[in-house]
Every structure is written in structure tokens, then in C-alpha cells.
Amino acid sequence: MAVHVGDSRVDKRLAELGLSFEEIEVVLRRAEAERNFCTPFDPVSLPGNIFWGRTVRFLRETYVPKGWRSASPSNVPLLVAPTDDFAVTASSGSRETGLAALTPSTRYPKGSAVIRRVETNRQLTIFGYEEEPEPQDVGDGIPTWFLLYQHVNTEAGTRLYSELSLPNNAGRRGKIDSWHERIVLPWIDFEGFNPFPDDDEGGIDIPIERLG
């Protein structure tokens, strides 16, 4: 597994993907500002839903004018690169997210549509891009990077850890916990904002398991 840490390495790898930390930081700060419109009277899951949804929206608003495309195959919200050879989505992560020495997972299990994308990543990693099947829809059949994030409450407010990582296998019970490459981003401190308890994460892709 390749892990990129440090300003120069992170900036170089992001630039190779057509991204920049400065732009991603603005996206995350905007999403956090909207999250902080919530109050204790809102449903406990709302802050997490808002942050996730706004992260997706602001990524698209930032990069679609630069030639990227917005797509949602099987209701998985994607930002598709101008080259059409990879995509980016967002997800909350575990407590290991954004820490280079640890291995993160998605915070919650993912549904079948997301797991299929991770399986595509695994196949392309093993067999190479020449084995890529013909996409059925925009964003299908290509590697999918995950912008993982986690909020940690501090005495001064909230610290946001994040990373852009390429999964290569789904773990037990739908949590993605194996990565081909990780780009660990600098953390962001939000001082003076009201911290929330553990947030839930929104999204349409809901895991369904057979009982019994």
C-alpha cells in the first residue's frame, strides 16, 4: 500500500489526479459551515447527513467547471475525472482516518452498489487497466477514490481529519478497510464551532441483509 504524507508528496500526487488540497480544503470548510447551522433540536443524524451531502455538492461545484462530470450510477454520487478513467466519492471514516500510521475503514457498512465499485478497484489493481470492462453508464467500470473524513471534538471546537484513498477490497460486513493507495491530507481545525456528538452519515446506498 502506498501512503503519501507531507505537503510536497500530497500536493504532487493530488496534482497528478487533477486535484489540489487548497480546493479540497475549501470544500470541506464550506461543508462544515453548513453542518454548523444544525442545533441540538435537529435529528442527531442531520449534521452528518449535511456534511456528507454538501461535501459531494461542493466537490462537484468546484470541479465540474474544470471539465469533471457529475454522475450517480446506482445512486452512488460520483465526481468523474475529465479523462473518464477514475471517479471520486465521499464517505465518513473510522477513527483511524487521516492518520498515516493506522489503517482506516469506512465508518459504516456500504451497500451493494458501493461494494461493486470496490470490487472493480480490486480487479483493476490485480489485472491492470487493460482488463477494464466497457462502462455501462457514466462512472461505471472505473476506479473510485474515497474522500474519507472524521470529526474529532477538541477543547477549542472540532478537528477534521481526511484522506483521499483508493480501496481495493471490502472488509467484513460491508465496511471498506483495505486500500491500494492513501493520500493523507492535513487536518483542519474549526475553532469556536459547537461540536456535535457522533454523527450519522447520509446517503441513498443502504446495506440490506437477509435475516435468519
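The model is predicted, so to speak of local features takes a pLDDT of at least 70, side-chain atom pairs count only at pLDDT 80 or more, and totals for chains, interfaces and linings use all residues. Residues are numbered from 1 along each chain as its sequence is written, and side-chain values use heavy atoms, with hydrogens and water left out. Helices (H or I, at least four residues) and strands (E, at least two) are DSSP runs, numbered from the N terminus.

**Strand β4 and its partners**

- Start with β4 (87-92): six of its six residues are buried, so the rest of the structure largely encloses β4. Buried means under 20% relative accessible area, exposed means over 50%, and partly exposed is in between, using a 1.4 Å probe and protein chains only.
- A87, T89 and S91 point one way from β4, while V88, A90 and S92 point the other way, and all are buried.
- On one side of the pairing story is β3, which pairs with β4 in the antiparallel sense over two bridges. Two strands pair if DSSP finds at least two bridges between them.
- In that pairing, L79 sits opposite V88 of β4.
- β3 and β4 make a hairpin with six residues between them, and D84 in the turn has a positive phi of about 60°.
- β4 also joins β5, this time running parallel, through six bridges. Here A90 stands opposite L147 in β5.

- β5 and β6 run antiparallel and are joined by eight bridges. A hairpin of three residues links β5 to β6, and N153 is found opposite T158 in β6.
- Strand β6 covers residues 157-170, and eleven of its 14 residues are buried, so β6 is largely enclosed by the rest of the structure.
- β6 has a further antiparallel partner in strand β7 (residues 176-184), with seven bridges between them. L164 faces I183 in β7.
- The hairpin of β6 and β7 has five residues between the strands, and R173 takes a positive phi near 55° there.
- Strand β8 (residues 188-191) pairs with β6 too, in the antiparallel sense over four bridges. T158 stands opposite F190 in β8.

**Two cavities**

- The structure holds two cavities of 30 Å³ or more. On a 1 Å grid over the protein atoms alone, a cavity is a set of points where a 1.4 Å probe fits but cannot get out, and lining residues have an atom within 4 Å of a point. Grid points are joined across faces, edges and corners, and a volume is the space filled by probe spheres set on the points.
- The largest cavity comes out at about 40 Å³. Its lining is made by L19, I24, L59, L79, V88, L147 and L164.
- That lining has seven nonpolar, no polar and no charged residues. In this scheme Ala, Val, Leu, Ile, Met, Phe, Trp, Tyr, Cys and Pro count as nonpolar, Asp, Glu, Lys and Arg as charged, and the others, Gly among them, as polar.
- The second largest cavity has a volume of about 30 Å³, and V56, L59, R60, P77, L78, L79, V88, T89 and A90 line it.
- Elements giving two or more residues to this second lining are α3 (46-63), β3 (78-80) and β4 (87-92).

**Q150, a buried residue in β5**

- Q150 lies in strand β5, which spans residues 144-153. With 9% relative accessibility, Q150 counts as buried.
- The Q150 side chain reaches the backbone oxygen of R95 at 2.8 Å. That is a polar contact, meaning a pair of N or O atoms within 3.5 Å; within protein, one must be able to donate a hydrogen and the other to accept it, and residues adjacent in sequence count only if both atoms are side-chain atoms.
- Leaving out residues up to four places away in sequence, Q150 touches G93, S94, R95, E96, T97, R159, L160 and Y161. Contact means heavy atoms within 4.5 Å.

**S20, a buried residue in a loop**

- S20 belongs to the loop between α1 (7-16) and α2 (21-35). S20 is buried too, with a relative accessible area of 18%.
- Setting aside neighbours within four places in sequence, S20 is in contact with L14 and Y63.
- S20 and V10 are ten residues apart in sequence, and their C-alpha atoms are 8.8 Å apart in space.

Key
1 Å grid on protein atoms, 1.4 Å probe; cavity = no way out; pocket = protein on both sides within 12 Å on 5 of 7 lines; lining within 4 Å.
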